[in-house]
Amino acid sequence: MPKKIFIDAGHNNSGWNTGVEAYGLREQDITYNVARLLGDMLAPQLEVKLSRSAKETNLGRDNSSAINARWQAANDWGADLFLSIHVNSGGGTGVETFYFKETSTRSQASLDFATVINNTYAAETGLKNRGVKLDTSTAVGSVAVLRHTKMPAILLELAFIDSPSYNPDVELLNNKQTTLAKALANGILKYAGVPPTPKISFSLLGHQTYIDGQIINGTTYCQARPLLEALGYTVSWDSSLGVVVTK
């Protein structure tokens, strides 16, 4: 059973490669936020390591060295699974996931991992399922973080940042990043064979609400974000101060 997952928040290499942009959104910010949320969701069941601990970071002198730093960090840590999170562009809609194909058990496991994550994510977000594809079919060709990692590794495109407004993509990327992270978490736990986090029932302002949580030694624990959002707050992260901001 996999125990350690390395989550790569795509882009922001050396503080300048922001990825694709549209509607005032930047890929680097979306991937960072979703990766952080996902890491928090998985932490009770799996060991998690993130490639970026801040939105602005310096992973290398240039694009190539920054990418090398990511797969090398995953290999050095001994991760059991590797997930690279990205955002698509080109005016389409939906989710697609890539893996590196070769004659190896790792490649087959990557295909299996990609299939479970992609299908679970599409079903839970309502996005079009564009399927699992070879990494050679990405816009940049074969992907180093999938080629050089030693564990099952996949790259998932969350949605299209420049999708027309009649599609759900931009709304999800902009306003429902917790939903995206939760769909990824459910897929990862499903593949890893880890039981999903139980729902904790709360009575909030006279309304019964169910939030993911767990009971440890008689004490109830749940994440602050979904609890605050259930109370009607808007929750964001101030990276400069390192605090959660509610309003």
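Is Leu205 buried or exposed? Leu205 is exposed, at a relative accessible area of 72%; exposed stands for over 50%, buried for under 20% and partly exposed for what lies in between (1.4 Å probe, protein chains only).

1. Basis. The model is predicted: local features need pLDDT of at least 70 and side-chain atom pairs pLDDT 80 or more, while totals for chains, interfaces and linings use all residues. Residues are numbered from 1 along each chain as its sequence is written, and side-chain values use heavy atoms, with hydrogens and water left out.

2. Surface patch. Leu205 sits in the loop between strand E9 (199-204) and strand E10 (207-216); helices (H or I, at least four residues) and strands (E, at least two) are DSSP runs numbered from the N terminus. With Leu231 and Tyr233, Leu205 makes a nonpolar surface patch of about 320 Å². Patch residues have over 30% relative accessible area and no salt bridge, with nonpolar side chains (Val, Leu, Ile, Met, Phe, Trp, Tyr) joined within 5 Å and like charges within 9 Å. Areas come from the Shrake-Rupley method with a 1.4 Å probe, only the protein chains shown counting as cover for residues.

3. Leu42 touches Ile5, Ile7, Val48, Ala185, Ile188 and Leu189, leaving aside residues up to four places away in sequence; contact is heavy atoms within 4.5 Å.

4. Helix H1. H1 (residues 27-42) is largely enclosed by the rest of the structure, because 15 of its 16 residues are buried. From first C-alpha to last, H1 reaches 22 Å, close to the 22 Å expected at 1.5 Å a residue; the expected span is 1.5 Å times one less than the number of residues.

5. Salt bridges. The structure holds 5 salt bridges, each a side-chain nitrogen of Lys or Arg within 4 Å of a carboxyl oxygen of Asp or Glu. Arg130 pairs with Glu96, the closest N and O atoms being 3.0 Å apart. This pair links Arg130 in strand E7 (residues 129-134) to Glu96 in strand E6, 34 residues apart. Glu96 also meets Lys133 in a salt bridge (2.6 Å, N to O). Glu96 is buried at 7% relative accessibility, whereas Arg130 is partly exposed at 29% and Lys133 partly exposed at 26%.
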